[in-house]
Amino acid sequence: MALLEIDGVSKSFGGVAANVDISFAVTEGEILGLIGPNGAGKTSLFNAIAGEVTPDAGEIRLDGAPISGLGPVACAERGIARTFQVVRSFDSMTVLENVMVGAFSRAGHAPVAMRAAQETLEFCGLANRAGRFAWQLSPPEKRRLEVARALATQPKLLLLDEMLTGLTPTEAQEGVQLVRAVRDRGITVIMVEHVMEIVLPLVSRAVVLNLGRVLTIGAPAEIVKNPDVIRAYLGDRYAAA
Amino acid sequence: MDNFITRRRRHELMVAGGLLVVAIVVPLFIRDVTALNVIILSLLFAGLSQAWNILGGYCGQISLGHALYFGMGSYVSTLLYVHGAIPPSIGMFAGAAVGGLAALLVGWPCFRLSGHYYAIATVVVGEIGYLLFLNWDYVGGATGVYIPIAKPSLLNLQFGKDKLPYLYVVLAFCAATWLAAWLIEGSRWGYAWRAVKDDMVAARSLGVNIFSSKMAAAAISGAFTGLGGAIYGLYVGYIDPDSVMAGHFSILIALPAVLGGVGTLWGPILGAALLIPMKELSSSYLGGSGRGVDLMLYGAMIVVVALAQPQGVVSLFRRRAHGPA
């Protein structure tokens with residue numbers, strides 16, 4: 001069953017078309033990769049799904065109900081959570097307090113939010129950092145903190161924006177395990193990455209964007225063989241070979 | 001659930017209780033009127049600055065127009081007494097309500113601005129309020145309003161020449177603002193407001209409504225500021241736009257929190273305890289010729305704090321990182 005449907009979404013910023021007539025559906029419980037070279041329109045589409053920008057045309061539906069144009073707060077309430085490409089942490093707060101901000105979106109009272117936040121930190125492997133300030137964390141820990149904060153809102157759909165980019169291979173593997181564990185909890189995941197070799201083993205399907213349009217959608221094995229994808233990433237010379 | 005947050009909050013409450021007892025007992029042994037006056041003003045500005053801190057420190061919305069809410073609180077309470085014969089002990093809550101309402105009215109357009117622009121807008125709105133009251137005859141214009149001397153009683157909040165009862169009224173005000181900040185810190189609102197301060201985009205992605213968070217913080221901050229203004233008016237016995245609404249009050253309300261530590265429970269109290277006695281001493285020693293010297297001293301203190309301890313004086317007392325390493 002489709003959890004999220006993207007139906008003919010277009011968005012331009014000034015004269016630049018970031019997304020042109022994008023349509024695809026995300027199945028409940030899958031990990032979907034959203035890949036493409038720089039400037040393909042991945043983050044812009046992400047922002048549209050998260051409610052941060054309103055598409056110029058088209059519709060985005062969650063569980064069949066339209067969500068485009070409702071804004072980020074309403075999208076969060078309906079069960080969409082996200083992380084950011086450039087990490088955004090609440091630096092004057094401790095790690096536990098950061099996650100409590102997310103937990104308060106479902107919990108009315110502090111003790112409930114605190115318990116939920118503590119559990120989420122344990123799930124994300126950050127329990128031993130609970131009392132540190134967010135700014136004291138290492139970059140990979142900050143990425144995990146963003147995931148924990150997003151998970152604390154008890155989402156149906158988690159959007160990960162380049163969560164594995166810039167990590168060492170070991171750190172990236174730990175990130176991959178975390179994403180799998182999130183999916184095993186029944187949360188649908190869309191991840192934006194431009195490093196294909198990290199994301200392809202992880203996802204069930206991938207949507208490849210190029211110049212704002214959908215280039216192809218398919219299983220990882222099909223994607224890597226697709227000449228259009230190779231051309232978009234590496235240029236015409238490699239596509240012929 | 002027992003962890004570093006609940007332990008810290010319990011600890012804060014115990015320290016506050018201890019300080020309250022000290023603040024109740026010590027003045028009983030002070031006979032010197034000047035000293036009592038300095039303590040009263042310090043407590044009052046500690047409370048006012050805590051009220052400012054709720055909006056400026058926790059929610060990160062720097063207001064430089066709090067004199068407006070301060071002045072409106074004192075005008076409403078005073079005019080209700082003079083024209084409506086409503087005792088100040090009741091009127092001051094009307095002053096608080098009007099202060100909160102005024103903060104909402106200012107916030108409605110101004111919270112659409114961000115960063116420096118909000119601060120600049122509050123300066124302008126504060127000046128508009130000052131000029132309005134200066135030229136408005138019904139509220140006494142530039143001549144001001146005297147608060148008629150009534151029989152000393154708690155209902156009238158007048159105690160003749162006795163300063164001690166005033167001190168306890170102001171202490172109650174200061175304690176109430178502290179308790180409000182403490183409660184906010186542990187509540188859903190407090191978490192949302194601090195998130196708004198640190199990163200608005202991340203906050204709203206977690207379902208925090210930015211605008212209503214700012215409005216709620218402004219209302220509470222404005223209401224306590226109005227209450228403080230009403231108490232101040234009663235204490236000095238005479239109000240005019242210069243004595244309750246001039247722009248320098250906005251600075252004086254914000255400074256203790258900035259000096260002591262923005263967005264902290266103890267910052268405003270610590271800042272007021274340093275700043276107000278210094279201001280009173282410098283103006284009483286230097287008299288009229290020293291007008292402005294206190295402002296130069298503030299400036300020097302702010303520069304020193306900004307260079308040496310940007311998180312405020314309170315950070316000198318804080319352990320480097322609390323909780324498990």
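This is a predicted model: local features need pLDDT of at least 70, side-chain atom pairs count only at pLDDT 80 or more; totals for chains, interfaces and linings use all residues.
Helix α1 of chain B spans residues 4-25 and contains 22 residues. From first C-alpha to last, α1(B) reaches 32 Å, close to the 32 Å expected at 1.5 Å a residue. Its buried residues are F4(B), I5(B), R9(B), E12(B) and A16(B). Viewed down the axis of α1(B), these residues fall within an arc of 125°, so they line one face of the helix. An α-helix has 3.6 residues a turn, so residues three or four places apart point the same way. The face turned away from the buried side of α1(B) carries the exposed residues M14(B) and V21(B).

Both chains contribute to the cover over the buried residues of α1(B). From chain A, the cover includes α3 (95-103) and α4 (110-123). From chain B, it includes α6 (164-185) and α7 (188-198).

Y166(B) has a relative accessibility of 10% and counts as buried, the cut-off being under 20%. Leaving aside residues up to four places away in sequence, Y166(B) touches I40(B), L157(B), Q158(B), F159(B), G160(B), L234(B) and Y235(B). R188(B) is 22 residues from Y166(B) in sequence. In space, the two lie 34 Å apart, C-alpha to C-alpha.

In chain A, four strands form an open sheet. Their order is β2-β1-β4-β5, and the pairing is antiparallel. The edges are β2 (16-27) and β5 (65-66) of chain A. Each has a single partner strand, so one side of each is left without a neighbour in the sheet. Within the sheet, β1 (residues 2-13) and β4 (residues 57-62) of chain A are joined by five bridges. These two strands run antiparallel. I6(A) has I60(A), in β4(A), as its bridge partner.

The structure holds zero disulfides over all chains. C75(A) is buried, with a relative accessible area of 1%. C174(B) also counts as buried, at 7% relative accessibility.

Note on methods:
Residues are numbered from 1 along each chain as its sequence is written. Chains are lettered from A and ligands numbered from 1 in the order in which they are written. Side-chain values use heavy atoms; hydrogens and water are left out. The expected span of a helix is 1.5 Å times one less than its number of residues. Buried means under 20% relative accessible area, exposed over 50%, partly exposed in between (1.4 Å probe, protein chains only). The arc is that of the directions from the helix axis to the C-beta atoms. Contact means heavy atoms within 4.5 Å. A disulfide is a pair of cysteine sulfur atoms within 2.5 Å. Two strands pair if DSSP finds at least two bridges between them.
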